[in-house]
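Here's a quick walk through the charged pairs and the nonpolar core of this protein. Have the structure open as you read.

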Amino acid sequence: MAVKRQVEVREYKKEITMEMNSDTKGKGTLMLSVVFSFRNESLGLETLVRRVVATLQPLRIDFEMIFVNDDSTDDSLDILMRLRETDKRVKIITMSRRFGV
(Lines give C-alpha, C1' and ligand atoms only; values in the text may rest on other atoms or scores of the structure.)
Protein backbone atom coordinates (compact mmCIF):
# COMPACT_ATOMS: atom_id res chain seq x y z
CA MET A 1 0.00 0.00 0.00
CA ALA A 2 2.78 2.46 0.92
CA VAL A 3 4.62 1.85 -2.36
CA LYS A 4 1.46 2.50 -4.38
CA ARG A 5 0.84 5.74 -2.47
CA GLN A 6 4.43 6.92 -3.09
CA VAL A 7 4.01 6.28 -6.80
CA GLU A 8 0.72 8.21 -6.80
CA VAL A 9 2.35 11.16 -5.02
CA ARG A 10 5.25 11.16 -7.50
CA GLU A 11 2.83 11.10 -10.44
CA TYR A 12 0.80 13.92 -8.89
CA LYS A 13 3.96 16.00 -8.42
CA LYS A 14 4.87 15.42 -12.07
CA GLU A 15 1.40 16.53 -13.17
CA ILE A 16 1.58 19.71 -11.09
CA THR A 17 5.04 20.51 -12.42
CA MET A 18 3.99 19.94 -16.02
CA GLU A 19 0.86 22.07 -15.59
CA MET A 20 2.86 24.85 -13.98
CA ASN A 21 5.44 24.83 -16.73
CA SER A 22 2.80 25.11 -19.44
CA ASP A 23 0.43 27.48 -17.62
CA THR A 24 2.82 30.01 -16.12
CA LYS A 25 5.27 30.68 -18.94
CA GLY A 26 5.74 34.42 -19.05
CA LYS A 27 2.97 35.06 -16.51
CA GLY A 28 4.94 35.45 -13.30
CA THR A 29 4.87 33.11 -10.35
CA LEU A 30 2.16 30.80 -9.11
CA MET A 31 1.06 30.82 -5.45
CA LEU A 32 -0.54 27.71 -3.99
CA SER A 33 -2.70 28.15 -0.89
CA VAL A 34 -3.40 25.02 1.13
CA VAL A 35 -6.29 25.56 3.56
CA PHE A 36 -6.86 23.47 6.67
CA SER A 37 -9.82 23.73 9.00
CA PHE A 38 -9.11 22.39 12.47
CA ARG A 39 -10.39 22.12 16.01
CA ASN A 40 -8.29 20.69 18.84
CA GLU A 41 -5.58 19.14 16.66
CA SER A 42 -2.54 20.01 18.77
CA LEU A 43 -1.05 16.52 18.50
CA GLY A 44 -0.83 16.52 14.70
CA LEU A 45 -0.19 20.10 13.61
CA GLU A 46 3.61 20.06 13.68
CA THR A 47 3.71 16.80 11.73
CA LEU A 48 1.20 18.17 9.21
CA VAL A 49 3.23 21.33 8.58
CA ARG A 50 6.45 19.34 8.27
CA ARG A 51 4.88 16.93 5.74
CA VAL A 52 3.29 19.69 3.66
CA VAL A 53 6.62 21.53 3.46
CA ALA A 54 8.48 18.32 2.60
CA THR A 55 5.99 17.60 -0.19
CA LEU A 56 5.68 21.06 -1.73
CA GLN A 57 9.15 22.54 -1.29
CA PRO A 58 10.80 20.26 -3.89
CA LEU A 59 8.29 21.51 -6.47
CA ARG A 60 9.86 24.97 -6.18
CA ILE A 61 6.58 26.84 -6.08
CA ASP A 62 5.45 29.56 -3.73
CA PHE A 63 2.92 28.24 -1.26
CA GLU A 64 1.22 29.14 1.96
CA MET A 65 -0.60 27.08 4.56
CA ILE A 66 -3.76 28.71 5.87
CA PHE A 67 -5.11 27.25 9.12
CA VAL A 68 -8.70 28.07 10.08
CA ASN A 69 -9.08 27.63 13.84
CA ASP A 70 -12.65 26.58 14.62
CA ASP A 71 -12.57 27.61 18.31
CA SER A 72 -9.97 25.13 19.56
CA THR A 73 -9.80 24.68 23.31
CA ASP A 74 -6.42 22.91 23.40
CA ASP A 75 -3.02 24.46 22.60
CA SER A 76 -3.42 24.19 18.79
CA LEU A 77 -3.35 27.95 18.35
CA ASP A 78 -0.18 28.31 20.46
CA ILE A 79 1.54 25.62 18.40
CA LEU A 80 0.60 27.33 15.13
CA MET A 81 1.73 30.72 16.39
CA ARG A 82 5.10 29.21 17.31
CA LEU A 83 5.35 27.55 13.87
CA ARG A 84 4.47 30.88 12.21
CA GLU A 85 7.46 32.52 13.91
CA THR A 86 9.83 30.19 12.06
CA ASP A 87 7.84 29.75 8.83
CA LYS A 88 6.10 32.80 7.38
CA ARG A 89 4.10 30.54 5.05
CA VAL A 90 1.92 29.58 8.03
CA LYS A 91 -1.16 31.81 8.15
CA ILE A 92 -3.81 31.61 10.88
CA ILE A 93 -7.46 32.59 10.84
CA THR A 94 -9.25 32.26 14.18
CA MET A 95 -13.03 32.02 14.22
CA SER A 96 -14.86 33.99 16.94
CA ARG A 97 -16.83 30.90 17.96
CA ARG A 98 -17.33 27.32 16.79
CA PHE A 99 -18.79 27.40 13.29
CA GLY A 100 -18.09 23.79 12.30
CA VAL A 101 -15.93 24.78 9.33
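A salt bridge here is a side-chain nitrogen of Lys or Arg within 4 Å of a carboxyl oxygen of Asp or Glu. Before we use that, a word on the source: this is a predicted model, where local features need pLDDT of at least 70, side-chain atom pairs count only at pLDDT 80 or more, and totals for chains, interfaces and linings use all residues. Residues are numbered from 1 along each chain as its sequence is written, and side-chain values use heavy atoms, with hydrogens and water left out.

**Salt bridges**

Side chains of opposite charge can pair when their charged atoms come close. The structure holds 2 salt bridges:

| Salt bridge | Closest N and O atoms |
|---|---|
| Arginine 82 with glutamate 46 | 3.5 Å |
| Arginine 89 with aspartate 87 | 2.9 Å |

Let's take arginine 82 and glutamate 46 to start. Arginine 82 sits in helix H3 and glutamate 46 in helix H2, so their pairing ties together parts that are 36 residues apart in sequence. (Helices are DSSP runs of H or I with at least four residues, strands are E runs of at least two, and both are numbered from the N terminus.)

How accessible are these residues? We call a residue buried under 20% relative accessible area, exposed over 50%, and partly exposed in between, using a 1.4 Å probe and protein chains only. Arginine 82 is partly exposed at 42%, and glutamate 46 is partly exposed at 35%.

Now for the other pair. Arginine 89 is partly exposed, with a relative accessible area of 25%, while aspartate 87 comes out buried at 12%.

**Around aspartate 87**

Where does aspartate 87 lie? You'll find it in the loop between helix H3 (76-86) and strand S3 (90-94). If you skip residues up to four places away in sequence, aspartate 87 touches Val53 and Met65, a contact being heavy atoms within 4.5 Å.

**The nonpolar core**

Met65 turns up again in the largest nonpolar core, which has 17 residues. Such a core is a set of buried Ala, Val, Leu, Ile, Met, Phe, Trp, Tyr and Cys residues joined through side-chain atoms within 4.5 Å. Val49, Met65, Phe67, Leu80 and Val90 touch the most other members. Two or more residues each come from strand S1 (31-38), helix H2 (45-56), strand S2 (62-69), H3 and S3, and H2 gives the most, with 5 residues.

What does valine 49 contact? Leaving aside neighbours within four places in sequence, valine 49 is in contact with Met65, Phe67, Leu83 and Val90.
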